[in-house]
Amino acid sequence: MKLTLSWLEDHLDTTAKADEVAATLTRIGLEVEGVEDRGRALAAFVVGHVVEARQHPNADRLRLCRVDTGAETIQVVCGAPNARTGMKGVFAKPGTRIPGTGMVLQAGIIRGEASNGMLCSERELGLSDEHEGIIELAADAPIGAPFARLAGLDDPVIEVSITPNRSDCASVRGIARDLAAAGLGRLKPLDTTPVPGTFESPLRWRRDLPGNGDACPMVVGRSFRGLRNGPSPAWLQNRLRAVGLRPISALVDVTNYVTLDLGRPLHVFDAAKLVGQPTMRFARPGETIAALDGKTYTLDPAVLVIADDRGARSIAGVMGGESSKTEDATTSVFLEVALFDPICVAATGRKLGIVSDARYRFERGVDPTSAIWGAEVAARMILALCGGEASTLAATGVEPGWTRSQTLRLARIAGLGGIAVEAAEARRILDALGFETTGDAATITAHVPPWRPDIHGEADLVEEVLRIHGFDKIPVVPMHRETIVGKPALTPVQRRTALVRRALAGRGMVEAVTFSFLSARLAAPFGGTDPALRIANPISADLDTMRPSVLPNLVDAARRNAARGFADSALFEVGPQYANDTPEGQTTIAGGVRAGASGSRHWNAPPRPVDAFDAKADAIAALIALGVATDGLQTTTDAPAWYHPGRSGTLRQGPSALAWFGELHPAALAALDVAGPIAAFEVMVDAVPEPKARRGAARPLIRVSAFQPVVRDFAFLVDDAIGAGQIVRAAKGADRKLVADVAVFDIYAGKGVEAGKKSVAIAVTLQPSEATLTDAEIEAIGARIVAAITKATGGALRG
Amino acid sequence: MQNIDQIRTELLAEIAAAATADDIERVRVAALGRKGSVTELTKTIGALAPEERRAAGALINVLKDEIAAAIEARKTAIETGALSARLARERIDVTLPARPETEGRIHPISQVVDELVGIFAEMGFAFAEGPHIETDEHNFTALNIPPEHPARQDHDTFYLPEKADGTRLLLRTHTSSVQIRSMRKAQPPIRIIVPGRTFRADHDATHSPMFHQIEGLVVDETTHMGHLKGCLIEFCRAFFDVDDLPVRFRPSFFPFTEPSAEMDIGCSREGGGLTIGKGADWLEILGCGMVHPKVLANCGIDPARYQGFAFGLGIERVAMLKYGIPDLRTFYESDLRWLRHYGFAPYDVPTIAGGLTR
């Protein structure tokens, strides 16, 4: 919402300057987005009279002008084709900054002739792109007068951001009322006295709204005849231009002006173009209308229209129709002053995608009493600008009831607002805002004015009082603390999730945050094909599917980084994936990818391609951060389809899969248009059991053995398909008390080992706790280990 | 005993000539060993006359000590020399780079969330979460935003496909939906913060279709706007690490709070940059207000008894302001150069005790 200071002063008796108005508006909740004082840059430009214009002796295209500036008569060299004797133009003297060019004007000699100023074009003043000639002012423009005032440009423009609840402030008058309540002046009375009609309107409204009269509870019509349409007066055009509207004709300008001035949208039909009686009705299925924005809309029966015998002529509350619009030759019009259901207008506007000043006000709520007074105000203005005569009012429907009252306990202001406001002050504020109040020292009864559909409860009145009284006056109170030392804010699961991030970053991975949605192309190889997880209205096809996994975005990021010259990347994200559209379908995953090589070339540590064991280490580190005892995990070879089937695995705790890791499937990489290898992991954070509640923080007592551990090496010949993990598990199981650790230190296949077999060498650490192991005991446990491994794997001890 | 002097001269010469540890050991054995020359000399004492024995014994002992000391000194010298030579041989080029170990980075959003949680934990808030795919009820209606309410136009909502029953789920447009979930789950007192992903169908230089908010909610019997101001002023000063940060509260409108306000903090744009603190300008930082009685009632909480405040702020926005990150869209581009530059060290966990600002 834009307004100018002089326009505001039509409603507000004030001496405040624009800056003070702006500061006050922001303070009371009408946020000012900007104050534009166009006059300031034009202060030095005055009306100049070209006393004489003659040919420059040394240049065909230049003229020598003698210009009377009001203060002196000086010579100016001018190149404009329209510079001529007797005209009045806009003059700038040397030293003036020219807004259109940003240059400071210098006096000079042009082709041997002195030039001591400039006659300006609109472009030079920054008013438009017009540069064909210099500005020509009216013959009666006073010589030496400031141009800005003459052009109505000395009026600062204030832009206010109106919150959706304040339909009343979508008008200059509403803003003036709030300012008056804030003490910035006095609200002037508005003249709504009836304009007597001289004839009965030949056009009468019909409301054809069976069962849905609320869509348009009331509409007032008024006919005008004998009008002279044409351009509206300069003051009106200036105001409309200042707030960003294009003047069209007196009749149209009046409707726009009243919309902005009083928040009362109006529409005028060219009466000669209407056939039959104007009717409020819902559109017929498939009915079309060419609207004033030049577009044709197809309507449906939920759209309210104003129709006549020819069909829909206007979209009710949203936009008029091209076929019934007024033109310069129009001499008779039918004025529409209607009340519409805000939801009906909002739904129509949203469906048709039309944003208009009328829609904005109707969907936020228009003063129900304005149907009558709007017809009077509009009539007064139309008659003043266009002459002619007005009919009596033709109204139909009933003004919806709006009278209601709301009580406000002064104790509630203090209880909710944290500041005590005296009853007299609270009533002064409410009265100034148009609430009629009664009451005593404890309770106020406020009668809500018809232009405040947003006021429904006591809290609303608390806000009205406090925003005018001043939020800055509310004393600052610290939050009450239950304990001096704070309590943890995170649950144990949240704390572990935070720890996973730090753990992965500590392993050299870089954390990314990527969108929750991606393209179907990226989602498909990762199982994302559920149509229920497609976005119905994506901003682009690249972002139309909820991600089934955190990996595709990370893989795509690795691809982009590689394209920028960083082929070796290690990225992770701790974030959501979506298995279905329920809250339970959203789970937290710690996922990561390593692409390219393990590092850059190094004199001592040559890089190698990333592989499944990088990903396995990452996954295990994440699980440790999540509090999982990873010693007890099993690795199975059943990772999902986007992993390389022979180079991936699942980390399981019992039956529950806690993580997947491995190299990504070449087909998935190809679908994502990325070169491999990429090692990836996904840790299912939510699958990790919550930590057991413990009594106290004490840890179990440490038990360190006083006896020397013994390490024994074994090598087994097993089938190639046997996992080393089976051997390790069997070794550990041979004596859970004595076997402290089993490490795989060599895998060998090739010469000396028959085809289809491999040799697996393990180092078993035996830790006695009672006494040092004797050779016989070591011998015995060694035999048990060999037996257990042989039984579990069918392998044989290698000689 | 002319013999003694001769032996001394010969041995000292041999000692001086010894070049290696083996040489000196050979000399030692030849002199002081069981059959060494000095040892043999000792054996001759017995053959002497009793009155000569004492003097001869003393002379031999002096010789023995002198030779032993000379051997020891020479041995030390040889060892020192050998060590020096070995050290010289073992020299490496220490200007070579060490074996590579890359340190990762924490994304600015995660770091800032940790900072925010740290501050609000001090004020007794607990961390809460909620789903991203939400119902219209949780995201709008229960928050006092009925269908076709103009406030919905500001939200540019993403929808999922319409279901058979005509309903459609949406991506939450704000973390305020978690207010409803939390209040329906537990009776007051409630004091929670909710950081998380939010979604709006808007994509340009200053809008991203996904961004992060943090929501705060306090509901009890006594919390009023003075507490709201106290809590949020304390927060802004701690977060931006500016003790005298100017603040102001402007009346505003949110359907789910009444009264509603926006909070601005002071800043200066002098010299082209932006500095948070005392200055000529204001910067909008968050929206807040007293929880609307209808919202409380929608959640089964008696608005005649309970009240409180709620606030919401954009995490990227405060991260950009605090750490001077110029472009919102870069947060999600996963550009390694950006992440390394604006990211945070993994072990640098912000705490109140250790300071929040990095």
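In this predicted model, B:Asn144 sits in the loop that runs between helix H6 (136-139) and strand S3 (170-171) of chain B. Although B:Asn144 is not a glycine, its phi is positive, at about 70°. The residue is buried, because its relative accessible area of 18% falls under the 20% cut-off. A:Arg111 belongs to the loop between strand S8 (108-110) and strand S9 (113-115) of chain A. Here the relative accessible area is 55%, and A:Arg111 is exposed.

Two cis peptide bonds also deserve a look. In chain A, the bond joining A:Gly676 and A:Pro677 is cis, with an omega of about -10°. A:Pro677 is placed in the loop between helix H18 (666-671) and strand S36 (678-684) of chain A. In chain B, the peptide bond from B:Glu258 to B:Pro259 is cis, and omega is near -5°. B:Pro259 is part of a strand, S7 (residues 257-268) of chain B.

The C-alpha trace of chain A spans about 125 × 80 × 60 Å along its principal axes. Of the 799 residues in chain A, 51% are buried. Among the contacts in chain A with a separation of 6 or more, 69% are between residues 24 or more positions apart. The accessible surface of this chain amounts to about 36,000 Å², and carbon and sulfur atoms hold 53% of that area.

Chain B has 11 helices and 10 strands. For chain B the radius of gyration is 43 Å, while a compact globule of 358 residues would have one near 21 Å. Its C-alpha trace extends over about 135 × 55 × 40 Å along the principal axes. Buried residues account for 52% of the 358 in chain B. Of the contacts in chain B with a separation of 6 or more, 65% link residues 24 or more positions apart. The accessible surface of chain B is about 16,400 Å², with 53% belonging to carbon and sulfur atoms.

The helix packing in chain B can be followed through helix H2. The axes of H2 (residues 21-32) and helix H3 (residues 37-44) of chain B come within 3 Å and cross at roughly 5°. This makes H2(B) roughly parallel to H3(B), since the angle is under 35 degrees. The residues that meet are B:Ala30, B:Ala31 and B:Leu32 from H2(B) and B:Ser37, B:Val38 and B:Thr39 from H3(B). By class, this contact of H2(B) with H3(B) has 4 nonpolar, 2 polar and no charged residues.

H2(B) also pairs with helix H4 (residues 50-89) of chain B, their axes coming within 10 Å and crossing at roughly 170°. The two helices are therefore roughly antiparallel to each other. On the H2(B) side, B:Ala21, B:Ile24, B:Arg28, B:Ala31 and B:Leu32 take part, and they meet B:Lys64, B:Ile67, B:Ala68, B:Ile71, B:Arg74, B:Lys75 and B:Ile78 of H4(B). The contact of H2(B) with H4(B) comprises 8 nonpolar, no polar and 4 charged residues.

Back in chain A, helix H6 (residues 234-242) has buried residues A:Leu236, A:Gln237, A:Arg239, A:Leu240 and A:Ala242. Their cover includes strand S1 (2-4), helix H1 (5-11), helix H3 (38-41), strand S11 (157-161), helix H7 (250-262) and helix H10 (370-386) of chain A. After H6(A) comes A:Gly244, with a positive phi near 95°.

Strand S11 also marks one end of another region of chain A: the loop between S11 and helix H5 (172-181) holds A:Ser167. A:Ser167 counts as buried at 7% relative accessibility. Apart from neighbours within four places in sequence, A:Ser167 is in contact with A:Arg364, A:Gly365, A:Trp451 and A:Pro453. A:Ala446 lies 279 residues from A:Ser167 in sequence, and their C-alpha atoms are 19 Å apart in space.

Technical notes. Residues numbered from 1 in each chain as written. Chains lettered and ligands numbered in written order. Predicted model: local features only at pLDDT ≥ 70, side-chain atom pairs only at ≥ 80, totals over all residues. Heavy atoms only, no water. Axes fitted to C-alpha atoms, helices over the stretch in contact; angles between N-to-C directions. Helix = DSSP H or I, 4+ residues; strand = E, 2+ residues; numbered from the N terminus. Parallel < 35°, antiparallel > 145°, perpendicular 65-115°, else oblique. Contact = heavy atoms within 4.5 Å. Nonpolar A, V, L, I, M, F, W, Y, C, P; charged D, E, K, R; others polar. Buried < 20%, exposed > 50% of the residue type's maximum accessible area, 1.4 Å probe, protein only. Areas by Shrake-Rupley, 256 points an atom, 1.4 Å probe, with all protein chains shown as cover. Rg over C-alpha atoms; globule rule 2.2 N^0.38 Å.
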